[in-house]
Amino acid sequence: MRVYRPWGMLPWVLSHCPTLQWSLLGCLSVEERCLATWSSARQKINLQATYMAEVIDPPSRFQSETDARLKARRQAFVSEGGTEPDIRRHDLFARTGEIIKLVEAVVATSSGNIILDMTCFPKRYFFPACRLLLQSASVRTLIVTYATPIRYSHAALAEDFQEWRALPLFTGTTETSEILIVNVGHHAMGLPDQIEHGSPRMDVKLLFPFPNAPESYQLTRQFLRSVEHNLRGAGTQIKHVNGMDVSDSFEHICSLSEQGGKRVLFAPYGPKPTSLAMCIYATIKDSPVFYTQPRVYNPEYTHGVKVVNGDRQIYAYCLRLEGHSFYSVP
């Protein structure tokens, strides 16, 4: 039976929440959309605290352009009413303990009502942050947001990938996984090799975002072909999911895992909202989440912020409201 889980455009979701004091945890990045949630939310709610994590990549060939864009984002943040102390720098490959302290600091200074803007967070930050917030008894209301860009870069989005390893706090249990669920994205980032050398007895389930923009559809089809080429006879199933609907993706994951009866390994390479569904399920069931984390991101990763009917297109997903959690696994 389908469960109602509130989500939609940010103004609509906030307008249906009680009047609360909010804290926001976001990521200051090279992308223009990194400030969209903060800018929109502060006009509509009582935003008592903001923590903008500026996640610094290792030195790369993009260094000068990356530095210039980060400087422009910091200036934009301050000019719109933010303050320099609201921005805290963290290395991309910071230790897990540093990420934990970051989230604990946000919770400690909040009133228990938190907006996590996952838009520009790298997965090795976003996944543990979301897990810690979901597991915190002090967080009474949790909304996760995602601002969509006008378009993605036509060039490679990232490069120099780490080896296949668990995201922080997502090593999972010691039991062997029975199913690999892959969130299909624009670029495989070394995943096909991992599948080729993985266990041939693990069934592979592919969450394919559909409908999709024509340019994105072509890229996701290429991803699909590259993965399928390396499956070597493993049991494979493709599920079409709405890439922006966290609840729909979560229901598909529950179905594929036989309502939690099968042990799942996740590979989040596609749309962030589908990755959020994976994160929620993996937090509840203590499932492993593995990823080939890029060391370098293209500073032209995205362009602009999509506007629909005069408003920036920012999706908001209510995971918990005044102590009531909307997501569970039987």
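A patch is made of residues with over 30% relative accessible area and no salt bridge, where like charges are joined within 9 Å and nonpolar side chains (Val, Leu, Ile, Met, Phe, Trp, Tyr) within 5 Å. A salt bridge here is a side-chain nitrogen of Lys or Arg within 4 Å of a carboxyl oxygen of Asp or Glu. By that rule, Tyr-4, Met-9 and Trp-12 make a nonpolar surface patch of about 340 Å².

The structure above is a predicted model, in which local features need pLDDT of at least 70, side-chain atom pairs count only at pLDDT 80 or more, and totals for chains, interfaces and linings use all residues. Residues are numbered from 1 along each chain as its sequence is written, and side-chain values use heavy atoms, with hydrogens and water left out.

**The surface patch**

- Accessible areas come from the Shrake-Rupley method with a 1.4 Å probe, and for residues only the protein chains shown count as cover.
- Tyr-4 sits in the segment before strand E1 (7-9); helices (H or I, at least four residues) and strands (E, at least two) are DSSP runs, numbered from the N terminus.
- Is Tyr-4 buried or exposed? Tyr-4 counts as exposed because its relative accessibility is 59%; the scale is buried under 20% relative accessible area, exposed over 50%, and partly exposed in between (1.4 Å probe, protein chains only).

**The open sheet of four strands**

- Find the open sheet with the order E12-E11-E10-E13, where the pairing is parallel; two strands pair if DSSP finds at least two bridges between them.
- Its edge strands are strand E12 (236-241) and strand E13 (264-268), each of which pairs on one side only.
- On average, neighbouring strands of this sheet are turned by 20° against each other, direction ignored; the axes are lines fitted to C-alpha atoms, for helices over the stretch in contact, and angles run from 0 to 180 degrees between N-to-C directions.
- Strand E11 (residues 203-209) is mostly covered, with six of its seven residues buried.

- How many residues of strand E5 (residues 113-117) are buried? Five of its five residues are.
- In a regular strand the side chains alternate between the two faces of the sheet.
- On one side of E5 are Asn-113, Ile-115 and Asp-117, on the other Ile-114 and Leu-116, and all of these are buried.
- Strand E2 (residues 21-28) runs parallel to E5 and is joined to it by three bridges; Ser-23 has Ile-114 in E5 as its bridge partner.
- Strand E6 (residues 141-147) is also parallel to E5, with five bridges between them, and Leu-116 has Val-144 in E6 as its bridge partner.
- Ser-110 lies in the loop between helix H4 (96-108) and E5, and counts as buried because its relative accessibility is 16%.
- Ser-110 and Gln-48 are 62 residues apart in sequence, yet 7.8 Å apart in space, C-alpha to C-alpha.

**Helix H9**

- Helix H9 (residues 272-285) has 14 residues and reaches 20 Å from its first C-alpha to its last, close to the expected 20 Å; the expected span is 1.5 Å times one less than the number of residues.
- H9 is mostly covered, as 12 of its 14 residues are buried, including Leu-276, Met-278, Ile-280 and Tyr-281.

**Residues with a positive phi**

- Most residues other than glycine have a negative phi, and most peptide bonds are trans.
- Asp-286 follows H9 and has a positive phi, near 55°.
- Leu-169 has a positive phi near 75° and belongs to the loop between strand E9 (165-166) and E10.
- Leu-169 is partly exposed because its relative accessible area is 29%.
- Where is Glu-322? Glu-322 is in the loop between strand E19 (314-321) and strand E20 (324-325), with a positive phi near 45°.
- At 44% relative accessibility, Glu-322 counts as partly exposed.
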